[in-house]
Amino acid sequence: LTHALSPPADFRGLSSSDSSSPPMPPRDEASTQPASATLTLPDGRVLQLPVLVDSANALFLDVRKMYNEHQVCTFDPGFNSTASCASSITYIDGDAGRLLYRGYPIEQIAKNGDMMDVWHLLLRGWLPTKTERDQFKQDARKHRMVHSNVIKFYSGFNHDAHPMAIMVSVVGALSAFYDKEHGVEYSDPSQRDLAGLRVVGKMTTLAAMAYKTAIGQPIVYPRDDLNLAENFMYMLFALPTRKYELDPVACRCLEVILMLHADHEQNASTSTVRIAGSSKANPFACVAAGIASLWGPAHGGANEAVLLMLSEIGTVENIPAFVARAKDRTDDFRLMGFGHRLYKTMDPRAVLMRDMCHQLLKHLNLNDPLLELAMELEKIATSDEYFTSRKLYPNVDFYSGICFRALGIPQNMFTVVFAVARSVGWISQWCEMAGEVPARISRPRQMYVGEGEREFVPVGRRDVGDDDYRDGIGYDNGDTYNTGDDTAETIEDTGDAIPHYSAVESLGKRLLDVHVVMPLS
């Protein structure tokens, strides 16, 4: 398992050493030797846990057998210190501000590649040759159309339905059209790859249809002569009554946004897709689960929150007052779109989005007070020592929200565009998960902090004035209770009192010291 994430010897394309970015940390050959950590429990037991090393020299304690062999679990809500899987798709170095797709820096991909490169790279594992790329493009564009019966689903939604609600429904509904009878079999690599073409190919079509439905316009069908971003723009904004001219700068901006959001390690929605897939659910159902997770404001709604914040600030003159509020710990106001949970320096995607954002605004020459406000806020915040010292730089959500507004994409579609981009990563992660041997269903443990075992109380004995039964206290001999049929009975002395089980002790009282000794480097 040590170095399990290394690319194969015949890995095609440039290596990280060909990059202008700092190379991956060199692998220490000594770390490939068997190593273990010593875990000392409060009861005196000493456990030896294998230590795994990944391609970036990060250490992982292997606790997979710890419960079965020792009846001990780890406690890590949110999985902040737990690797739920081994993956070779995306790597994030938050301290250095680096994001790699299959080893390639995102800066190089966004500058020199396109969505077809990203799609093939994440799904199949390598940058395609020209011949492979041409064939992949041809195969991918065959899957943009959806069954005519799927379109009927859209007529069932209210005119003001949120596009994300529509997306969850129609993407999940595709499970009825693509099942084992139509080429979805986990054990077949070619069918997994086909699922990767279908999901991403249809996602832009479904998203554009959701938008058109939400605004009451007729659906626009895809065009095979356009690339992914161009086709998406066309289906979003074209009308049957007039010719639609695509703006190449606007299309390239949208494409960069899609590329930057294609994958981001094991975030909430990606983990949701993998967990759903671990039960061998239909891939469209798994992606629908990912969309539902992404819909949450704590995950995919950050760029929408940026626009809401700018609307609250109102004018450039109000910026100093709101910046002061953001510095005030007693004030609930926060500058949205600044800082990132993973990156301790500037998000590398934000650097790319900033340049693209400025280029787009200059090209469109828009007279939008909200966009002017955003640029002024960026200037003030990036020059303020309070924010720079805390590494609170504008993140990718700040700039993507501004770009979306400049492109004419409404706020309720921001997360939908995010879902279109992330569908590439979701289905790539699904394919990787589905090909794992042995297959293992996700089944997390829990730390139980509820009541201990207690006596069930019949409904007729729950009519007392107090809530003793809710605490498992029961009744004393001689007490009367209502049986529920308007008759009263008395508890007789049988010699055995109704048992009372106290609740499990509070979590804080049960935390014990556990010592872990890691092997010397």
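**Entry 1: helix α6**

Which residues of helix α6 (residues 163-173) are buried? I started with that question, keeping in mind that this is a predicted model. I found that Pro163, Met164, Ile166, Met167, Val170, Val171 and Ala173 are buried in α6. An α-helix has 3.6 residues a turn, so residues three or four places apart point the same way. I then looked up what covers the buried residues of α6, and the cover includes α5 (148-154), α7 (189-215), α11 (283-295) and α18 (414-434).

**Entry 2**

Next I went to strand β4, which spans residues 90-93. I noted that Thr90 and Ile92 point one way, while Tyr91 and Asp93 point the other way. In a regular strand the side chains alternate between the two faces of the sheet. Are these four β4 residues buried or exposed? I found Thr90, Tyr91, Ile92 and Asp93 all buried.

How many bridges join β4 to strand β5 (residues 98-101)? I found four, and the two strands run antiparallel. I looked up Thr90 in particular, and its bridge partner in β5 is Tyr101. β4 and β5 form a hairpin, with four residues between them. I also made a note of Gly97 in the turn, which has a positive phi of about 70°.

**Entry 3: aromatic pairs**

I searched the whole structure for aromatic pairs and got 10. One of them is Trp119 with Phe136: the ring centres are 5.3 Å apart and the planes are at 80°, over the 60 degrees that edge-to-face needs, so I logged the pair as edge-to-face. This pair links distant parts of the chain, with Trp119 in helix α3 (residues 115-124) and Phe136 in helix α4 (residues 130-141), 17 residues apart. Why do I call Trp119 buried? Its relative accessible area is 3%, and buried means under 20%. Phe136 is buried too, because its relative accessible area is 1%.

I then turned to Phe398 and Tyr399, another edge-to-face pair, with 5.2 Å centre to centre and 90° between the planes. Both Phe398 and Tyr399 are buried.

**Entry 4: arginines over rings**

Which ring does the charged end of Arg445 sit over? I found Tyr67 there, with the charged end 3.8 Å from the ring centre. I also wrote down Arg223, which lies over the face of Tyr234 at 4.9 Å from the ring centre.

Note on methods: Residues are numbered from 1 along each chain as its sequence is written. Side-chain values use heavy atoms; hydrogens and water are left out. Buried means under 20% relative accessible area, exposed over 50%, partly exposed in between (1.4 Å probe, protein chains only). Two strands pair if DSSP finds at least two bridges between them. Contact means heavy atoms within 4.5 Å. Rings of Phe, Tyr and Trp (its six-membered ring) pair if their centres lie within 6.5 Å; planes under 30 degrees apart count as stacked, over 60 as edge-to-face and the rest as tilted. A charge sits over a ring if NZ of Lys or CZ of Arg is within 6 Å of the ring centre and within 35 degrees of the ring normal.
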